[in-house]
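Here's one to look at together.

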Amino acid sequence: MADKMEIDDSLYSRQRYMLGDNAMKRMASANVLLLGCDCLGVEVAKNLVLTGIGKLYVADSSLVTKRDIRNNFYVSQSDLQNKKTRAEACVPRLAELNPYVQVEVSTSDVHIENAALGDADSHKEFTKFLENIDCIIATQRSLPHQKYLDKLSCNLMGQLKFVSCNVYGVFSSLFCNFGKNFEILDSRGETLKEMFVGDITRNSEGTVTCLEDQLHGLEDGDSVSFSEVEGMVELNGQTREVRVVSPYKFTIGDTSDYSQYKGGGLVKEKTKKSTISHQSLDEQLLKPDILLTDFGKMDNPAISHAAFSALNSFVESNGNLPKLWNKNDAEALFTLFTNTVNQFQIDIPNDENAKKVVQLLSFTCRGALSPLATAIGGIAAQEVLKALTGKYTPLKQWLYLDATELAFNLHLTPEQMQESDDLSDVKACLGETVEARLAKLNIFMVGCGAIGCEMLKNFALLGVSTENGKAVITDNDVIEKSNLNRQFLFHSRHVGQSKSSAASLSVKEINPDIKIEPLQYKVQPDSENVFNDAFFESQDIVVNALDNVAARRYMDTRCVANQRPLLESGTMGPKGHVQIITPFVTESYGSQQDPADVEFPFCTLKSFPSNIQHTIQWARDKFEVMFKQKPMTYNNFWEGCQVRENGNKDNIIELVNKYLMSGNNLRDASVTLRLLSEAPTTWFDCVVYARRKFEKLFNHKAKDLLKAFPLDTMLQDGSPFWSLPKRPPTPIIFNLEDPFHMQFVISTASLIAAIYRVQRPISQEEIAKSIADAIEKTVVPDWVPSTKEVVVDEKAPAPTKTDEDSPEDLSQKLMLTAKTRSDFTFKLYPEDFEKDDDSNHHIDFISSAANLRAKMYGIENVDRLEIKRIAGRIIPAISTTTTAVSGFATIQFLQLVIQLINNEKNGTNWSNCASNIETELSKYRNCFLNLALPLVLFSEPAAAQKTKLTKDLSFSVWDRWEIRGNKDFKLKDFIQHFHEKYNLTISAVVHGSRMIYIPIMPGHSKRLDHLMTKLIKIGDKNTLYVDLTATFENPSDDSDDLSCPPIRYYF
């Protein structure tokens, strides 16, 4: 039944590209029991519902408290007044996230309470309930409850998987048990690699060398298959395990009995399957397998493991958790830790650092830091998905994460806590000062997509900008259905609305006190009248929630220029990153170069594709030219000639001649003539056009190439011209019964009809019949060999197209063609590529064209979904990764707030932090994660690099030199300033693109006595300053001048 399930691609497309259809269908038929719907449980639940499991049972019979309102984003004041349980409060809101998921309240947690104490009836009833459950995830459960659940899962391990997670203060844990020999269907989830073979040796360890030193990217133990190998044909169809020799070579085992390799060959990586065996919780408590995440805190996970065990003993002895920031309870907990540390079968330090860690657990455990709950909740939900699908490698078996760096130096007291039922978790963990500063923050967040929604939720739970501060958010995008799978602040009723406006309304439901201003501007130079320097300088922290590199780089330059801290994060499928950018301390985002986009050579796309990516890019380019660029050229041409306003069929030559003789592009006139002469007036005409286009692209083009380079063509060195990666084409004979052939004709005809506004049949039956009739009557032109030269050089650019017709000839032809039509200046309607609308035929055209071209060149076809991903440049995404990344980003956000407090307390600013770089860097953590493996890595950010000007003078990207001028300040005063202060001689001064002073330029020496206000021309008299660029003569007499920081000159 699951195999036949239809996946709603309009909702799940981004996640579908990450998990695949098989995993999606397994999830959709799975039932999960969630025990606990507190601040951690609701994070897990939200992600499971968004990702599309079949059914979620939510069990939490605890009544809503005032504290829940502050730390659970789905609990409200009315739930408290109506005395609802947490499950009853959260389930309706969870159900609203995804219409395909059933969400129900369960009372099974009541049975667990009794069953764990030995009640046989409760045990029997709960066990019966579990018959239809595939995975249990328990949050904030006591250790006896966890052990009871784990034993149940072990007894039912053929079916039941167990996940448990907890957050105590600034500490968290995650445990997984999927039983013995759990099958992993795809351990990494990476795109499978392909490479061409350059050579294969015949010996006991056959060595494969990639063609032209292509990087293979394989690892020891990977499996690959072979095809198209010439000579050593025995390898074709075989799968071999590889051992890496170098980045370009790998061995595949014995090939000594095979034929001699002659050439060719394509290697394809196979999906990596494996099994993993988990131990029971009892076994893992004594000898835990713990994922290492931070080399700067290597001992903390093991210490946390023993400390959590001691915490359980404390609760069993005292009936409750240690009191907040109570030293006596902290000492008691550390004593328990010390007494039990030797029972574990791993090395657990028992030193001063261990004492600090254990005491901090005691101090904060009655709270639950919300961003830590967010992070661990996202990771835990992904582990549940692994349990349900076998997609990706499960955690083995413990993960401990902490935010101890936030709280180590706070030195709070129990008196400062004043514990009550509405005490916030921020205050419980970090104190009243941090809570108060959060409320007064001014923040600017760019982007309200997946990460943006999560960050806003985190800010609301932390009480950000709830008093004198303000959160400004901007996003120029509107909500689409595909957003609803990850951007949980949006629901179906929001589709079509502004993201920033809808997000601000939704987040105020979580915290009505948050002061938020939604804007719809795109951050770019054109919006600097809104987001000017004064705006940036008024912000305490800037947050990026962007999905493209260009916008990230722009925001980075703005924050660097205005010396504002920036929090940067992003995701791609199961991978994510967090980068903290602190003025004067860390490097900026722009300090590192992103990999350049791969660009295919012109000749590869035009004539010599070797893989499906080439044919997809070719089809995407064809779409752009045929259905957008040429119609736009047509419209622009007539508008330029002013024919629509002033023309008629008699004076068209005069107007067109006038336009062309004024230097306008003859090529545009030629394109216009072609579109005018080919203009369809009926659906029949559109089908004829599409059928003829098929013949040209997939039959005649192949014949042209084979005429230019016959199959027996040899290169100068005697090797065949047609050898991999060059593939000879085979002309395709049109077949009405072939689905790709029909899809190409239907999509092409439909797009042409849309551009020319030609009415087309409505029903699929009418379309099919009309196309069959039209194709039968279509006269397809015979092949006439092309005289165009075929470009072979991979480094050669696309040739410039020229027209042989003169302006007069083109004018004459346009007039003659125009006279055949009643409306010769009709408007065309170009198609803007839109990947997510399946009714517009865009992906249909690209999919059919790409696969037809692939077939023509003997390249394996791929499905429509994969073509849509590549052509649409869709970034795979899932809510679990987004949630985890936002949690880690928000922890760093809190570290910035604590630094702000310290700056204000000490009367310093960000620039003072540079005096002790090592100490400052140790406070922060960048993060990289890959939930597929799973991998979570924290590291100190890199320091801002210094550029040395002279022996005693250096600067970083964060520095800015300032000069305070006056109305009488002259250029020579400006130059003298640098000579006196830095002993530097200016060699150039530039304002924007305008040269102010270059000594070697004629007449520039006369400017020395000019006023700066005269030399720097500004439009607004209220301008207080300008940013200038200057270079200086090199004192060491090197040829290169010295660059310096930006110079801000105040008038």
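Q: What makes strand β1 (residues 31-35) count as largely enclosed by the rest of the structure?

A: This is a predicted model, and in it five of the five residues of β1 are buried, so the strand is largely enclosed by the rest of the structure. Buried means under 20% relative accessible area. Both faces are covered: N31, L33 and L35 are buried on one side, and V32 and L34 on the other.

Q: Which strands does β1 pair with, and how do you know that they are partners?

A: Two strands pair if there are at least two bridges between them. Five bridges join β1 to β2 (residues 55-59), running parallel, and L35 stands opposite A59 there. With β4 (residues 135-139) there are four bridges, again in the parallel sense, and V32 sits opposite C135. So both links pass the cut-off of at least two bridges.

Q: Why are β3 (102-106) and β16 (398-402) said to stand at the edges?

A: The open sheet runs β3-β2-β1-β4-β5-β6-β16, seven strands with mixed pairing. β3 and β16 each have a single partner strand, so one side of each is left without a neighbour in the sheet. From one strand to the next, the twist averages 15°.

Q: What lies across this sheet?

A: Helix α6 (residues 86-95) lies across β2 and β3, at about 175° to β3. Helix α7 lies across β1, β2 and β3, and its angle to β1 is about 65°.

Q: Why is α7 (residues 108-115) called roughly perpendicular to α9?

A: Their axes come within 10 Å and cross at roughly 100°. The label covers 65 to 115 degrees, so α7 is roughly perpendicular to α9. Where they meet, I112, E113 and A115 in α7 touch H145, Y148 and L149 in α9.

Q: How do you know that Q146 is buried?

A: Its relative accessible area is 8%, and the cut-off is under 20%, so Q146 qualifies as buried. Q146 is found in helix α9 (residues 143-155). Leaving out residues up to four places away in sequence, Q146 touches R141, F162, S164, N166 and L281.

Q: What makes the Q146 and S164 pair a polar contact?

A: The two side chains make that contact at 2.8 Å.

Q: How do you know that the length of helix α31 (residues 842-856) agrees with what its residue count should give?

A: At 1.5 Å a residue, its 15 residues should span 21 Å, and the end C-alpha atoms are 21 Å apart, so the two agree. Just after the helix, G858 takes a positive phi of about 70°.

Q: What makes β19 (516-519) and β24 (935-939) the edge strands of their sheet?

A: Eight strands form an open sheet in the order β19-β18-β17-β20-β21-β22-β23-β24, with mixed pairing. β19 and β24 each pair on one side only. The twist averages 10° from one strand to the next.

Q: Which helix packs on this sheet against β17, β18 and β19, among others?

A: That's α18 (residues 450-462), which also touches β20 (541-544) and β21 (566-572). Its direction makes about 160° with that of β17; the label roughly antiparallel starts over 145, so it applies here.

Terms used: Residues numbered from 1 in each chain as written. Predicted model: local features only at pLDDT ≥ 70, side-chain atom pairs only at ≥ 80, totals over all residues. Heavy atoms only, no water. Axes fitted to C-alpha atoms, helices over the stretch in contact; angles between N-to-C directions. Contact = heavy atoms within 4.5 Å. Buried < 20%, exposed > 50% of the residue type's maximum accessible area, 1.4 Å probe, protein only. Polar contact = N/O pair within 3.5 Å; in protein donor to acceptor, adjacent residues only side chain to side chain. Expected span 1.5 Å × (residues − 1). Parallel < 35°, antiparallel > 145°, perpendicular 65-115°, else oblique.
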